[in-house]
Every structure is written in C-alpha cells, then in structure tokens.
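Good morning, everyone. I have one structure to walk through today. Let me put it on the screen.

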Amino acid sequence: MELGMVGLGRMGGNMVQRLLNGGHRVVTYDRSAEAVSASQSQGAVGASSLEDLVSSLSPPRAVWVMVPAGQPTEDTIDSLAPLLSAGDTVLDGGNAYYKDSMRRAEKLAEHRIDFMDVGTSGGIWGLAEGYALMIGGKTEVFQRLEPIFKTLAPGEDIGYSRVGPAGAGHFVKMVHNGVEYGMMQAYAEGFEIMEAKKEFGLDLAQIAQTWRFGSVVRSWLLDLAANALEEDPKLEGLQAYVDDSGEGRWTVQESLDLAVPAPVITLSLQQRFRSRQEQPFGVKLLAALRNQFGGHAVRRSE
C-alpha cells in the first residue's frame, strides 16, 4: 500500500521508516530538503513540493500530515485540498484540537475528500515499539487504510482502533494525554517523598527498577522514570521546569464543559504552571499573611 507523508520531524521520520520496513511505498515531503533526502536514503520516494507529492500517488490517495498542531496543520491541509480529488483522504497525526479536526473534516467533505484524525502516541520509541493509534473518521475509509495502521501499531491486532467519527480520534488522544499528566504527577510526587527521606538513603533508581516488575503501579512511564534515574540519579542535569503542549488544558476545559470532575488532571496541570515560576507571588502572599496574623517568621529578600 502507498501513503504520502508530509512532515518529517523525528516522529514523522520514524513513522516513515516503520512503514518502509513494513513494505509500504511512501512518498515524502518536508520543507527541509535534507529531511527528504534522509527519507530517500531509507527507501522513500522524495517529493520537491506538495504538488509533486500528490502527483506521485495513485488515486485514491492517502496523505498523512505530521506537522505541528495549529496554524502549520491548518496551512498544510488548506494547501493540500485543491491538489486532491474526490475519494482521496487526508490523515492528521498531530495533536490537533478535536474541534479543529471536526471543522476540517466538514471543510474537506465539501470537496468529497475524506478526513481522518489519528491520535498518535509512542513518541521517540514508536519506531521500535509501535504507535498507539486512536482514529476518527468513516468506517469504510478506516477499513481501506487499515494495512497502514496495522504496520504503525505495536502489533497487527493491538494498539489501534477506530474510536468514532471525525474528531473522536483527537478527542480520545486529548483525554489520553490528560491521564498521562496525572500519572506523571503521581510518580513525581512519590519519588520526591522518597528522595526527601534522607535517613534511609534510598536508591531511587533501584526502587524504580523494583516497581517495574509485579507492582500494581508498573507502566511504561515507570520504565522511563527508571531510565532517567539510572542516567542521573539526582536529576542534577535538569531544571524543575515543566512545559505543556495543550492537551492537558483542553482536557480540563472539556471536564468543565461536561461538568465531569477531574481534580487529579486539573491539579497536575496547575503543578506544571507552578514549575515555571520563580518566587511565585501567591506563595509570597501566604508567607506575608502568616506573618501578619501570627507573627510567624518570614525570609526576606536580600
């Protein structure tokens, strides 16, 4: 089966390699000529433009967009649409907001072009381990493109599914990432408590390895924590700054819209905000209030 791939960042490039290893024909395009050349060295057919990519595919075409969410995705799909024909399919594997995906599906449908939003999890490990794929779109299109999903997934019958109509794939991936926020925060808090118990001299890397096997809290995230602690037991090479890429915020907003309580995910997002602040004003006010009502000591700025 053949597929066009637009966007050859680390994940997109790894997906191309996995597809090529699975025997698929892949036509690639990226604004970076070097990235296209690298994909050609792996066996892909390189394209010099979107027009070249589309003309190199046989109808019905399938073009996978793997560029950053937001305006880059919007611009890429807008540029692709007039080049495609009725019966072709655009797949978006980025972390787009699900309502944007629903809108894009409606817009493409006006030209009888199908749209599939593919929530993709696996990160830099996907090449070796496979990708979890949460797919939104028409059932018949999903079935036609299923060989692609089988190759990218961890196994032929695991790790991928059509979860609903267009928009559902990115919605499920959004919630997936919200859950991920909460799990990561719980691990972070637990290991911080153990690190603070100095009298025991706990070896956190050893404990992470112990928890990986047989424990009810074992997970791939714990495997990654074990790797990080093995490489840098005190994490001295890192700053306590944690970014967020949007999905956690969207999940929290959705919980508000649906009146579904999500305290763990919400607090884990708030903790990320706090990690980016130096000398947060709110904490200073807490100290000031304790001093005002109780005469408790405060630490003054030099």
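Let me begin with one side chain. Asp 223 is partly exposed, at 22% relative accessibility. For the cut-offs: buried is under 20% relative accessible area, exposed is over 50%, and partly exposed is in between, with a 1.4 Å probe and protein chains only. Arg 212 is also partly exposed, at 25%. The side chains of Asp 223 and Arg 212 meet in a salt bridge, 2.7 Å from N to O. The pair links distant parts of the chain, 11 residues apart. Asp 223 sits in helix H10, residues 220-231, and Arg 212 in the loop between helix H9 (204-211) and H10. A salt bridge here is a side-chain nitrogen of Lys or Arg within 4 Å of a carboxyl oxygen of Asp or Glu. Helices (H or I, at least four residues) and strands (E, at least two) are DSSP runs, numbered from the N terminus.

A word on the model. It is predicted: local features need pLDDT of at least 70, side-chain atom pairs count only at pLDDT 80 or more, and totals for chains, interfaces and linings use all residues. Residues are numbered from 1 along each chain as its sequence is written, and side-chain values use heavy atoms, with hydrogens and water left out.

Now the overall picture. The chain has 302 residues, and 41% of them count as buried. Its secondary structure comes to 13 helices and eight strands. The C-alpha atoms fill a box of roughly 75 × 40 × 35 Å along the principal axes. What about contacts, meaning heavy atoms within 4.5 Å? Among contacts in the chain with a separation of 6 or more, 64% join residues 24 or more positions apart.

Back to salt bridges. How many does a search of the whole structure find? It finds 14. One of them joins Arg 276 and Asp 244, with the closest N and O atoms 2.5 Å apart. Arg 276 lies in the loop between helix H12 (263-275) and helix H13 (281-294), and Asp 244 in the loop between H10 and helix H11 (247-258), so the pair ties together parts that are 32 residues apart in sequence. Arg 276 is partly exposed at 24%, whereas Asp 244 is buried at 12%.

Lys 150 and Asp 157 form another salt bridge, at 3.4 Å between the closest N and O atoms. Lys 150 is partly exposed, at 25%. Asp 157 is exposed, at 65%. There is also a network of salt bridges, linking Glu 74, Asp 100, Arg 103 and Arg 104.

Glu 74 brings us to helix H4, residues 71-80. Its buried residues are Thr 73, Glu 74, Thr 76, Ile 77 and Leu 80. What covers them? The cover includes E1, helix H3 (50-55), E4, strand E5 (89-92), helix H5 (98-109) and E6.

Next, the nonpolar cores. By that I mean a set of buried Ala, Val, Leu, Ile, Met, Phe, Trp, Tyr and Cys residues joined through side-chain atoms within 4.5 Å. The largest has 28 residues, and Met 5, Trp 64, Leu 91 and Phe 149 touch the most other members. Elements that each supply at least two residues include strand E1 (2-6), helix H1 (10-21), strand E4 (62-65) and helix H7 (139-152). Which element gives the most? H7 does, with six residues.

Take Leu 91. Leaving out residues up to four places away in sequence, its contacts include Leu 3, Trp 64, Met 116, Leu 145 and Phe 149.

Leu 133 is in strand E7. It is buried, at 2% relative accessible area. Beyond four places in sequence, Leu 133 touches Val 118, Phe 149, Leu 152 and Tyr 160, among others.

Over to helix H2, where Ser 39 lies. Ser 39 is buried at 4%. Again beyond four places in sequence, Ser 39 touches Leu 8, Leu 20, Thr 28 and Ala 44.

Methods. Contact = heavy atoms within 4.5 Å.
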